[in-house]
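Here are some notes for a first reading of the model. Please keep the structure open beside them.

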Amino acid sequence: MYSMTNDAEKNPRFLKDGFGYENLKALPSADLKALASEVRSLMVKVVDENGGHLGSSLGVVELSIALLRKFNPLEDRIIFDVGHQSYPYKILTDRSDRFGTLRTSGGVSGFPRREESPFDHFDTGHSSTSISAALGYAKARDILKQKHHVVAVIGDASLINGLAFEALNHIKETQTRLIIVLNDNKHSITRRVGGFATMLAKLSASTSYNKIKSAIKDCCHALPKGAALEKRLEGIRDQIKTLVKPHNIFDELDINYWGPFDGHKIEETEMIFSLAKRYDRPVLLHFNTVKGKGLPEAERDPIRYHQIAPLAERCATGPKTTPTWSDAASLFTEQMAEKDERIVCLTAAMMTGAKLGDFKTRFPGRFFDVGIAESHMLTLAGGMAAGGLRPWVFIYSTFLQRAIDQLTHDVALQNLPVVVMVDRAGFVGSDGPTHHGLLDVSWTRAIPNLEIYAPADETSLRHIMSHAAGRMGPTVIRYPRGELPMSDALRGRESLGAVIVKEGEEWALLGHGVMVHEMLEARELAAASGLPVPAVVDLRRLKPLDLDTIDDILRRYPTVVVAEESYLNGGVGEFIAAHAAARVTETGSATRLKLLGVRDMFVPHATIAQQREICEITAKDIVNCGASCLEMKVNTA
C-alpha cells in the first residue's frame with residue numbers, strides 16, 4: 001500500500017552484503033542521494049509489512065547519513081530520543097540485513113536497545129531522555145579521561161518535556177562538551193503545541209544563520225569551504241545577534257545555538273558536524289526536516305503516517321465496523337460533556353491515539369493538549385478540579401508512569417475529582433517493553449483515595465464512566481488497546497463490584513479486564529477437555545476489591561485461579577492471596593490458590609498473542625493450571 005516503486009527498491013546498489021557505516025564513510029558525495037533513496041525504500045517496504053514509526057524516520061535519512069559519516073558510532077555516543085527516528089541509523093549500522101525482522105518476535109526492535117547492538121548506546125522508548133543520558137555519558141567520559149564525542153538527537157516536540165528542560169538547565173553547571181542535534185519537523189504525533197513551538201518557528205523562519213563565536217571561526221580554516229562559511233557568518237553576525245538572541249533560550253542557558261540548517265542537505269550538514277566536533281563547549285544544532293520526507297502521502301498527512309499498523313492487521317480488519325476501546329471511551333465522554341459543562345478533556349500529545357478529535361471539534365474550549373508533558377498534565381488537572389471543573393485525563397498506561405508523583409500528591413492526596421482514563425493497559429505488542437501497560441495496577445493500588453476499575457466490555461465501561469463522573473474523588477479506569485470485545489455472557493451486567501459471570505464446579509477463575517475473555521475461553525476448553533467446568537468471576541473494581549464476592553468464591557470453590565494481564569508483584573492476585581491466607585487463620589478453611597500473571601521480567605516485542613504465550617496467561621495456560629491443581633490429566637491441543 002505504501003511501497004515506493006523505484007530502482008532503489010528493485011535494484012539496490014548499496015544496502016546489500018552487510019552494508020555498514022564503514023562503507024558509508026567511503027562513499028563519494030555523488031552517491032549519497034541514491035543511498036538515501038535506498039534507505040527510504042527499505043524502510044517503507046518493511047514498515048508496510050511489519051508496522052512501525054514511519055514518518056519521523058523518513059525525515060532523518062540525510063541527517064543520519066551525515067551523522068555516521070562524521071562520527072564513529074562505536075567510539076562516539078549517539079543517543080536517540082524516543083527512537084521513532086532511529087530506523088535509518090539501524091539500517092546504516094549493522095542491521096540492514098535483518099531489518100526485515102523489525103518489530104517481530106526475536107527481530108530488530110522498533111527502538112534503540114543496547115542488548116541488540118553495540119551501536120545503540122541507550123535504551124529509549126519514552127521521549128525527552130536523550131539530553132540527560134548524553135550529559136551522563138559526557139561526564140563519564142570526562143572523569144575517565146576519554147576523548148570521544150557525545151551526541152543527543154532530539155525532536156522539537158520532545159524538547160518541551162520537563163525532563164529535557166531540566167537537562168538543558170543543568171548543562172551550564174557540568175562544564176563539558178556536548179552536541180545536541182535538534183530535529184525540528186514541527187510535529188510530535190500531531191502538530192506540536194505551546195510557546196516553545198512558537199519560538200522554534202520564529203528561529204526556523206530566519207533566513208540567516210546565528211552568530212558562531214570566534215572559537216568556531218578558528219575551525220573554519222581547516223575545513224573545505226570553511227573560509228566561505230566564515231565570511232558568511234561574519235557578515236550576518238550583528239544582524240542575527242539583534243534579531244534572534246533576545247528570543248533564544250539556548251544562548252541564555254549558555255548553550256551555543258547554531259542554525260537553523262536544512263537537515264536534508266547532506267554536505268552542509270556534514271560541515272556543521274565537523275565544526276561542532278572541534279568546539280569545546282555545549283552546542284545545539286538546529287536542523288529543519290520534513291516528516292515523511294520522500295513518501296508523498298506521508299508528507300501530505302504526517303499524522304496518519306506517524307505509525308503504521310502491520311499489513312496483516314490492516315488486511316484482517318478490513319473496513320472498520322467494530323469500535324475500539326478508545327473510540328468508546330471518547331464517545332461516552334462526549335455524551336457526558338453535553339450534559340455537564342464542567343467536564344474537560346486533557347491529553348499529552350495523544351489526541352489521535354485516544355480518539356479525542358471529535359471532542360476537540362465539539363468542545364474546543366474544553367480540550368487541552370499539553371504536548372509531551374504528562375507530569376504537568378496531571379497537576380493541571382488537579383488545579384482544574386480544585387477550581388470546580390471535572391477533568392478527564394486520557395493517557396497511555398506506559399506514559400502515566402511519568403506522572404506518578406503528580407497523581408499521588410496533586411490529585412489523590414487532595415481527593416480531587418479527576419478521572420484518569422488509562423489507555424493501552426496490558427500488552428501492546430510490537431512496541432515492546434517500553435510501551436506495555438503492565439505496571440499501573442501495582443502502583444496505583446498503593447495510592448490512597450483512588451478507586452480503580454478495569455471494565456471488560458462496553459456495558460461495564462459505560463457504567464463505570466458514569467459512576468466516575470459523579471464521584472467526588474479520583475478514579476482510574478484502565479482499558480486495553482484494540483477492539484471492544486463482544487460477549488453475551490457479560491451483557492447487561494452493570495455492577496461496580498465483582499460479577500459472577502458463570503457458576504461452575506470445583507474451581508473458579510478470577511480476573512479483570514481483557515483476561516475475563518481469556519477465562520471464558522478457558523471455561524469452554526475445560527469443558528471440551530473433560531475437566532470440571534470452572535466458575536468465571538469478573539473482578540471489575542480493583543480497588544477497593546469486592547471482598548464479599550471474593551469471600552463467597554473462596555468459601556464455595558476449593559480451587560481458585562487468579563489471572564491478570566499485569567505484573568504479579570503488587571497485583572490483584574497477590575492481595576487476594578494475602579486475604580485468603582488471613583481467612584484461613586480465621587475460618588480454618590483453606591483454598592488452593594494459583595496466581596497467573598506477568599513474572600518479574602520485561603516482556604519483549606512480539607504480537608500480543610505471543611506475549612501472552614511467553615507469560616503463560618493464555619486460555620490454554622489457565623486450563624493447564626486448573627488441571628494441575630485438580631490433579632487431572634488434560635489435553636488442550
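How do the residues of the lining of the second largest pocket divide into nonpolar, polar and charged?

1. The model is predicted. The lining of the second largest pocket consists of six nonpolar, five polar and two charged residues. The volume of this pocket is about 260 Å³. It is lined by 13 residues, and those closest to its centre are Gln401, Pro433, Thr434, Leu439 and Phe602.

2. The remaining points concern pairs of packed helices. Such a pair is described by the angle between the two axes and by the distance between them.

3. Take helix α3 (residues 32-50) and helix α6 (residues 87-95) to begin with: their axes come within 10 Å and cross at roughly 110 degrees. An angle of 65 to 115 degrees counts as roughly perpendicular, so α3 is roughly perpendicular to α6. The crossing of this pair is right-handed.

4. Which residues meet where α3 and α6 touch? From α3 they are Leu35, Val39, Leu42, Met43 and Val47, and from α6 they are Tyr87, Pro88, Ile91 and Leu92. The contact of α3 with α6 has nine nonpolar residues, with no polar and no charged ones.

5. Helix α6 also packs with helix α5 (residues 61-70): the two axes come within 9 Å and cross at roughly 40 degrees. α5 and α6 are therefore oblique to each other. Their crossing is right-handed. On the α5 side the contact has Val61, Ser64, Ile65 and Leu68, which meet Pro88, Tyr89, Leu92 and Thr93 in α6. Sorted by class, these residues are six nonpolar, two polar and no charged. Pro88 and Leu92 of α6 are listed in the contact with α3 and again in the contact with α5.

6. The last pair is helix α16 (residues 325-339) and helix α22 (residues 458-470), whose axes come within 10 Å and cross at roughly 40 degrees. Are these two helices roughly parallel or oblique to each other? An angle under 35 degrees would count as roughly parallel, and α16 and α22 are therefore oblique. The crossing of α16 and α22 is right-handed.

7. In the contact between these two helices, α16 contributes Trp325, Ala328, Ala329, Phe332, Thr333, Gln335 and Met336. The residues they meet in α22 are Glu458, Leu461, Arg462, Met465, Ser466 and Ala469. By class, the contact of α16 with α22 has eight nonpolar, three polar and two charged residues.

Terms used
Residues are numbered from 1 along each chain as its sequence is written. This is a predicted model: local features need pLDDT of at least 70, side-chain atom pairs count only at pLDDT 80 or more; totals for chains, interfaces and linings use all residues. Side-chain values use heavy atoms; hydrogens and water are left out. On a 1 Å grid over the protein atoms alone, a cavity is a set of points where a 1.4 Å probe fits but cannot get out, and a pocket is an open set with protein on both sides within 12 Å along at least five of seven lines; lining residues have an atom within 4 Å of a point. Grid points are joined across faces, edges and corners, and a volume is the space filled by probe spheres set on the points. Ala, Val, Leu, Ile, Met, Phe, Trp, Tyr, Cys and Pro count as nonpolar, Asp, Glu, Lys and Arg as charged, and the others, Gly among them, as polar. Axes are lines fitted to C-alpha atoms, for helices over the stretch in contact, and angles run from 0 to 180 degrees between N-to-C directions. Helices (H or I, at least four residues) and strands (E, at least two) are DSSP runs, numbered from the N terminus. Angles under 35 degrees count as roughly parallel, over 145 as roughly antiparallel, 65 to 115 as roughly perpendicular and the rest as oblique. A crossing is left-handed if the near helix is turned anticlockwise from the far one by less than a right angle, and right-handed if clockwise. Contact means heavy atoms within 4.5 Å.
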